[in-house]
Amino acid sequence: MSILRIHHYPDPVLKLKAERITVFDTELRALASHMLETMYAAPGVGLAAPQVGISRRLIVLDCSPKDGDRQPLVAVNPEILAREGECCEEEGCLSVPEYYAKVVRSEKVRVRFQEIDGTPREIEADGLWAICFQHEIDHLDGILFVDRLSPLKRSLFRKKYQKIQEQRQEQL
Ligand SMILES: [Zn+2]
C-alpha cells in the first residue's frame, strides 16, 4: 500500500476527460487499493483517479458513517443512468483544499459501473453516496465542484483560493 500524491487545482490533469478502462489487471487492482488508502489517509469520502494524476475512469468511495465499519466501493467506468430529486449540500474536495461550498445535485442516482474485475453492476444511491458519486464522476469529465457554482460565487472562490494558496506557500 502507498499513499499517492493528490493533485490540487489548478493542475491541468484535473481538467482532462479521463480515458475509459478496458484492461482489468493487477495494475488496476493495485491503483484502486492505493487510491483507497490515500482517500482514508486524507481523510476523504471519495477520490477519482485524475486527482492522483492518472486520467482514467476509476473512482473510489466510502460514505459509511465514521463510527461504523468501512464500506469501500471501487467503481470502474461509472456512469449515471437516471437522476431523481434535487438537493444542495456543502461539498469540499481533496483537490481544492480548505474550500467548501453548497452545490446543487440530484438527490438520488442510478449508477452503472464495473467492479475491479470487470463485472458489470448497477446500484441506486441516495444521501451522501449519491452526492459523492456525482462529485467523483464529474472529476472523470474534468469538472470540479467549483465549476458548478454560480459565476459570482466562482469569482469569489478564485480570490479566496488564491489567498489560501499563498498562505500554504508561506507555511511550506
Ligand atoms: Zn473532488
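This tour goes from the nonpolar core to one of its strands and then to that strand's partners.

The model is predicted: local features need pLDDT of at least 70, side-chain atom pairs count only at pLDDT 80 or more, and totals for chains, interfaces and linings use all residues. Residues are numbered from 1 along each chain as its sequence is written.

Start with Met 35, Ile 59, Val 60, Leu 61 and Phe 133, which touch the most other members of the largest nonpolar core, a set of 29 residues. A nonpolar core here means buried Ala, Val, Leu, Ile, Met, Phe, Trp, Tyr and Cys residues joined through C-beta atoms within 7 Å. Buried means 20 or more other C-beta atoms within 10 Å of the residue's own, exposed means 12 or fewer, and partly exposed lies in between, with C-beta atoms placed from the backbone.

Next, colour α1 (26-41), β1 (46-48), β2 (58-61), β3 (73-84), β6 (108-114) and α2 (127-140); each supplies at least two residues of this core. The largest share, 7 residues, comes from α2. Helices (H or I, at least four residues) and strands (E, at least two) are DSSP runs numbered from the N terminus.

Glu 79 stands opposite Arg 112 in β6.

Finally, show β7 (residues 120-126), antiparallel to β6 over 7 bridges. Phe 113 stands opposite Arg 121 in β7. Between β6 and β7 lie 5 residues of the hairpin, where Gly 118 takes a positive phi near 95°.

Methods. Pairing = 2+ DSSP bridges.
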